Amino acid sequence: MRPDVDYRVIDLDEDAGLLFLAGNHRAFVVDPGLADRLRHGLDHLTEEERAEWRSLVGVGLVSQENRDALSASTAVDGADLAINVNLTNTCNLACAYCFADGGDYGRITEAMGHESVDHIFAFVERNLTPRRSVRLEFFGGEPLANFPVLREICERAERVGAERGVRFVHRVSTNLTLLPEGALDLFARHRFIVSVSIDGCREVQDANRPAKGGQGSYDRVIRNVRAVREAGDDITLVARMTVAQHHPSLLHNVRELWKLNLFDYFQIYPGVFPMEGEESRRPSGPVFVEIGRRPDDQDTPVPSLTGCGSTASTASGRRHVNFFLRDGMVEQFRDFLRDYPTLFAEDNRFKGVLEYERTVQLVLEGQLALSFCSGGRTYFTHSPNQAISPCHRLVGESRFDVGTGERGITRSLADWRQTVDNHPVCGRCWARYLCGGGCKQENYVASGDLTVLNEESCRYQLLLAEEVLRMLGRSSPAYLHRDRRRFDDLFVSCGRPVAPSGRADPDPRALAGFRHFRPVTPPTTPLVLDQDGGGQP
């Protein structure tokens, strides 16, 4: 077994490390001396440690179920059919980092009309997965600016569901500055997942997400969030945060939203800085890379990638730095994860940061990511111009369109269905079955090629995986046993397809005798944290 390919060793603190196995997502707490020896390879273990390692193999704790499960999977495994309904180009905010060029992706100028509804449901009928479950993702621009068509799709879904035995999940990505008449009733009737773009406290939200006239948006958003919350407990509210500033801190911004006790889940994403020339010449403000636009210079050489995360991304003579990789932000991320389990409290609705909890679930429950996302597998975007795209971030980029509303899918999806084990770089990464192989759209922005890794994105995914594993290794049983069964409906990591590996849990009595390799045991019965916090590390 190869260090940093087949396993990873992570320092928990000065007294312990964590051994993580790529092949089956098992984790073991180890002493610091053993951690150091493992970094050099199994042949550096002491005789006693080698004997215990052989015992681990003997009881099935060292295995390759992830590889075998991925090899046996198909493109429709791991995630239900999802339709991203790009309702409108209209948006009333001027977010500093908008990847959609203010809503129209630099190309689309119309709103979706009623004629698109028939195309969407014909597509559903042709592409249903075996579980007959469909997630409708309402998107824009600001999707609530085209509420009549949104409502029509929900009404049609209700009829189709009753007639055809199809389960529909409804989710909207919204800035929630608009709340049309009838929206609250619709959200409650269809048990909507409402993902709200809000970056933290008033100071941060008003700076990052102002109205086009320059006014702040925080007060209006929170007023409408309260109205949605009061409309019913069956509505799931998600705070979708973009981190693009050092101050106030990540922890402060999460805590400020957490204290409102309005949101069930959080999603936390980094901003990305484009830089010209040397790294020291950084822009003063955060922006996102221009998603949906081809690199300006197609003759720019693609950087050679010999390992994960070695340099910054390059495209069009520009370098892009993920904000979480900026000076000081890794420390903020670590500080937040140290505090993270304390957010689970009996008197607060908070159920977790979705990307973190999904990673924890993969480890504790023996699951693996079949791909980075469901784009081009079971997830497709329908736009007002009738184009079908495999990725909502590539809307308006016609070279990536895979069909039309009238004709359905007409182009090959092979580029979107490559598995991580077949990638020349990702297939040698210790986090391959957690990450699934990297974002193809972010690859394209960096290199002009869907399959050439965006190294900044890669570094962030490795940081995320390692820090969540470190948090997991420090956590109490109360945190480990939390209920994580709902995530398939919640669009975690762009609908990342996840499947059981088939990993068998050994007899608990077989785990008791290990002294050098102490398993982070999988959960049996999900628990809810007690009022005094239980999940603190």
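1. Ser475 comes first. A polar atom of its side chain lies 2.7 Å from the backbone oxygen of Met471. For polar contacts, the criterion is a pair of N or O atoms within 3.5 Å; within protein, one must be able to donate a hydrogen and the other to accept it, and residues adjacent in sequence count only if both atoms are side-chain atoms. Ser475 is found in the loop between α14 (455-474) and α15 (477-480). Ser475 counts as buried because its relative accessibility is 13%. The classes are: buried under 20% relative accessible area, exposed over 50%, partly exposed in between (1.4 Å probe, protein chains only).

2. Basis of the model. This is a predicted model, in which local features need pLDDT of at least 70, side-chain atom pairs count only at pLDDT 80 or more, and totals for chains, interfaces and linings use all residues. Residues are numbered from 1 along each chain as its sequence is written, and side-chain values use heavy atoms, with hydrogens and water left out.

3. Overall fold. The chain has 16 helices and 19 strands. Helices (H or I, at least four residues) and strands (E, at least two) are DSSP runs, numbered from the N terminus. Of the 537 residues in the chain, 60% are buried. Among contacts between residues at least 6 apart in sequence, 75% join residues at least 24 apart. Contact here means heavy atoms within 4.5 Å.

4. Helix α11. This helix (residues 354-364) has 11 of its 11 residues buried, so it is largely enclosed by the rest of the structure. Gly366 follows α11 and has a positive phi, near 70°. Glu357 forms a salt bridge with Arg484, with the closest N and O atoms 2.6 Å apart. That pair links distant parts of the chain, 127 residues apart, with Arg484 in the loop between α15 and β18 (498-500). Arg484 is also buried, with a relative accessible area of 2%.

5. Other salt bridges. The criterion is a side-chain nitrogen of Lys or Arg within 4 Å of a carboxyl oxygen of Asp or Glu. The whole structure holds 39 of them. In helix α14, Arg470 and Glu467 are 3 residues apart, about one turn of the helix. Their closest N and O atoms are 2.6 Å apart. Arg470 is buried at 11% relative accessibility, and Glu467 is buried at 3%. Salt bridges that share partners join Asp4, Arg8, Arg334, Glu466, Glu467 and Arg470 into one network. In helix α10 (residues 329-339), Asp335 and Arg338 are also 3 residues apart. Their side chains meet at 2.4 Å, N to O. Asp335 is partly exposed at 38%, as is Arg338 at 42%.

6. Glu52 deserves a look. Glu52 sits in helix α2 (residues 47-58). Glu52 is buried yet has no salt bridge; Arg515, the nearest side chain of opposite charge, is 5.5 Å away. Lys and Arg count as positive and Asp and Glu as negative; His and the chain ends are not counted. A polar atom of the Glu52 side chain lies 2.6 Å from the backbone nitrogen of His516. Leaving out residues up to four places away in sequence, Glu52 touches Gly513, Phe514, Arg515, His516 and Phe517.

7. Ser383. This residue lies in the loop between β14 (379-382) and β15 (387-389). Ser383 is buried, with a relative accessible area of 4%.
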